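Hi,

Here is the structure I promised to pass on. Have a look at it first, and then read my notes below.

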Amino acid sequence: MTNRDIVWHEASITKEEYQQKNKHKSSILWLTGLSGSGKSTIANAAARELFEQGYQVIVLDGDNIRHGLNKDLGFSDDDRKENIRRIGEVAKLFVQQGTIVITAFISPFREDRDQVRELVEEGEFNEIYVKCDLDICEKRDPKGLYKKARNGEIPFFTGIDSPYEEPNAPELVLDSGKYEREECTGRLIDFVKNSLA
Ligand SMILES: Nc1ncnc2c1ncn2[C@@H]1O[C@H](COP(=O)(O)OP(=O)(O)OP(=O)(O)O)[C@@H](O)[C@H]1O
Ligand SMILES: [Mg+2]
């Protein structure tokens with residue numbers, strides 16, 4: 001058997017039916033930004049709030065996915081690409097099932113983020129740039145990773161010795177170096193509600 005012998009099955013439940021049941025549309029909120037910029041903090045706070053208001057929502061977070069689905073992957077450029085590709089496919093499945101998917105991955109490469117955008121329908125991929133200067137992220141260093149990276153214990157760390165490519169035209173910018181976390185979370189929630197209305 002080869003890939004050509006695999007036949008696509010039409011689903012018996014459509015995305016539109018799921019969305020009707022949930023009473024809202026589904027899409028991906030793709031948070032991207034440096035380590036320590038606040039992606040996980042904002043994603044989880046926003047998801048909690050949306051959940052309490054009756055939205056169907058899930059967070060896909062960097063570390064958790066690397067413990068499971070992607071535990072075979074490292075941090076080479078190829079593995080980072082594959083990491084994002086798989087997450088994109090998983091996010092697409094959830095969108096198909098009517099869920100609002102908030103992802104929290106550094107996802108430093110523009111090309112990889114664009115590839116996920118191509119996977120789903122127009123308007124279903126929202127690039128959210130969690131913007132914060134490197135020196136602030138490094139001062140926060142919530143996981144002590146920058147310290148390790150500076151000591152040479154973590155090679156190819158984004159922002160230190162591996163590049164971060166800023167989004168060219170993000171759907172939303174959350175300036176987490178300037179605004180408090182509550183403010184950033186609120187802006188994300190407002191964006192979700194407006195974009196799904
Ligand atoms: N405006 C803000 N928004 C979000 N987090 C903030 C803000 N101001 C300060 N913080 C703090 O910054 C840290 C952000 O850490 P967090 O783990 O959310 O970053 P991350 O982007 O998910 O990093 P990583 O890519 O390493 O997972 C937290 O300790 C959080 O409390
Ligand atoms: Mg995180």
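Which element gives the most to the shell around ligand 1? That's α2, with four residues (helices are DSSP runs of H or I, at least four residues, and strands are E runs of at least two, numbered from the N terminus). Keep in mind that this is a predicted model, where local features need pLDDT of at least 70 and side-chain atom pairs 80 or more, while totals for chains, interfaces and linings use all residues. Residues count from 1 along each chain as written, chains are lettered from A and ligands numbered from 1 in written order, and side-chain values use heavy atoms, without hydrogens and water.

Now the ligand. Of the 18 residues around ligand 1 (a heavy atom within 4 Å), S35, K39, T41, K143 and Y179 come nearest. That shell holds six nonpolar, seven polar and five charged residues (nonpolar being Ala, Val, Leu, Ile, Met, Phe, Trp, Tyr, Cys and Pro; charged Asp, Glu, Lys and Arg; polar the others, Gly among them).

There are polar contacts too (N or O pairs within 3.5 Å). A nitrogen of ligand 1 is 2.6 Å from a polar backbone atom of Y179, and an oxygen of ligand 1 lies 2.9 Å from a polar side-chain atom of S40.

Cheers

Definitions and conventions: Polar contact = N/O pair within 3.5 Å; in protein donor to acceptor, adjacent residues only side chain to side chain.
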